[in-house]
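Hi everyone, and thanks for having me. Please keep the structure open while I talk, and follow along residue by residue.

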Amino acid sequence: MSESQSSYWLWELFFGVTVVAVGAAVVIVDGFEPWRRAVALAAIGAMLLLHLLVGRPLIAREAENTAALLTLLTQLVLFGVAVWAVPLSTWLMFAVIPVIFQMVTVRLAIALVVVANLIPVGVEAWYDPADIGMEIVIAAISTGAGICIGLWILKTLEESEQRATLITDLEASRAEVARLSHEAGVAAERTRLAGEIHDTLAQGFTSIITLVQAADPALRDERLALAVRTARENLAESRALVAALSPTALASASLPEAVRRSAARFSEEAGVAASVRITGDVYDLPTRTEVVLLRAAQEALTNVRRHAQAHEAAVLLAYSPAVVRLVIRDDGCGIKSDISEGFGLSGMRARAGQVDGTLTIRSDADTGTTVELEIPT
C-alpha cells in the first residue's frame, strides 16, 4: 500500500470511529425521546452506509464531479436530520468536514463547510430563537476551524502523494542504475577479455605463424620446436582465460621471473638481445597489478619484434616503497603514426587505468622507443 493510500485509510478510520461514537452517544445520553433517538440513529446509519458505498469509491477515484457533490449534499441533509432529532449529533461535524475537502474543490468545500455549520444554527432557531446569537458565534468559530482543518488535510494528502511519487521515481531510478551498472560491467568485462585475448592468444598465434613462415631449412627443427612450445603456452593461456585465472606465467613464477621468461622468449623468436634488470626490494603485489605489469611487458616486446626493427631491447622492473615501475626500451625506428593508436597500445593504457597507473610512451626514429608504466602501490 502506498503512503497516499494509507493516509486515505486513516481518514476513513477517523470517519468511522467518529460516526460510531456519536451514534453510541445518541443511545446512551438521557433526555431524548425514543423516536428522536431512532430518527437520529437512522440518519447516522444512512450517513455511514452512503459513505462506504458511494463516498469512499469516489474519493479513491479522485472524482470531483456531480456525483461527489450530490453525495455530499445528501450527507448534509442526513446530518441536518440527525441534528434536528438529537442536537448532540452536531459532533458529526468532525467526520463530515474531512470528507468534504477530499471530494470536491477547495472553493466548493469551503462553501459546503459554511452550510454544514449553518445547520445547527437553523436547528437552534427552530427550537429556541432566543439563543440564536450564541449559536451564530459558535458556528463562526466552527467554520473557521473547519476550514483550517480541511486545508491542513489537503496539504497532508498532497505531501503524501508527493512522497509516494518520489518513492516510485527513486525505485525506478535504482532499477535504471542497476541496469546501467550491469551493462557497464558487461562492457568492461568484454574489454578485459578482448585485451587478454590480444595479449596472449593473438600474440602467440602471430609468433607461431612468423616462426613457421620464416623457418630456414637449416634451422627448421629448432624453429618448429619453438613454434610447438609457443602453441602449448598459448593453449595453457586459453585454458586460464576460460577459467578466469591469472596468467599461467604468474601461476608458476614470480613477476620478475615471468618478465625474464617473456624477454627470453622474445629473444628466441625475434633474434634480438633483450636484457632484464630488477631493482629495489621485490615485494608481493596484488594479482591484478602483476597481471597489468606482465601484459604491458609482453605487449611492448611484441611491438618491438613486429615494428621496431631493433637490434637490442632492455627491460627494467623497479620496486620502490610507493610505486612499481616497468620500463621497456629499444633502439629501433620508433612508433609509426599508423600504429601509434593500435589496439595493443590502447589496451595497455586501459589496463594502466584499471590500477590507477600511468603509461608514458616516448618514441623517436633516431633513438627508438621507451614505454614506461608506473603503478602506485
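Let's start with Gln309, which sits in the loop between α10 and β2 (312–319). Helices here are DSSP runs of H or I with at least four residues, strands are runs of E with at least two, and both are numbered from the N terminus. This is a predicted model, where local features need pLDDT of at least 70 and side-chain atom pairs count only at pLDDT 80 or more, while totals for chains, interfaces and linings use all residues. Residues are numbered from 1 along each chain as its sequence is written, and side-chain values use heavy atoms, with hydrogens and water left out.

Back to Gln309: its phi is positive, about 55°, although it is not a glycine. Is Gln309 buried or exposed? Its relative accessible area is 63%, so Gln309 is exposed. The cut-offs are under 20% relative accessible area for buried, over 50% for exposed, and partly exposed in between, using a 1.4 Å probe and protein chains only.

Asp356 is not a glycine, yet its phi is positive, near 60°. With 60% relative accessibility, Asp356 counts as exposed.

Now find Gly271, in the loop between α9 (255–270) and β1 (273–279). Its relative accessibility is 62%, so Gly271 is exposed. Gly271 and Glu312 are 41 residues apart in sequence, but their C-alpha atoms are 9.1 Å apart in space.

Next, the helix α10 itself, residues 287–308. Of its 22 residues, 18 are buried, so to speak mostly covered. How far apart are the end C-alpha atoms of α10? They are 30 Å apart, which agrees with the 32 Å that 22 residues should span at 1.5 Å a residue. That expected span is 1.5 Å times one less than the number of residues.

Among the buried residues of α5 are Leu112, Val113, Ala116 and Asn117.

Let's move to a helix pair. The axes of α3 (residues 66–85) and α4 (residues 93–103) come within 10 Å and cross at roughly 170°. That makes α3 roughly antiparallel to α4. Axes are lines fitted to C-alpha atoms, for helices over the stretch in contact, with angles from 0 to 180 degrees between N-to-C directions. Under 35 degrees is roughly parallel, over 145 roughly antiparallel, 65 to 115 roughly perpendicular, and the rest oblique.

Residues of α3 including Leu72, Leu76 and Phe79 meet residues of α4 including Val96, Val99 and Ile100; contact means heavy atoms within 4.5 Å.

In the loop between α3 and α4 you will find Ser89. At 0% relative accessibility, Ser89 counts as buried. Leaving aside neighbours within four places in sequence, Ser89 is in contact with Val22, Val26, Ala40, Ile44, Phe79, Ala82 and Val83.

Finally, the cores. A nonpolar core is a set of buried Ala, Val, Leu, Ile, Met, Phe, Trp, Tyr and Cys residues joined through side-chain atoms within 4.5 Å. The largest one has 38 residues, of which Leu92, Ile100, Met103 and Val104 touch the most other members. Helices α1 (3–28), α2 (34–60), α3, α4 and α5 each supply at least two residues of this core. A second, separate core of 32 residues includes Ala300, Tyr319, Ala352 and Val371.
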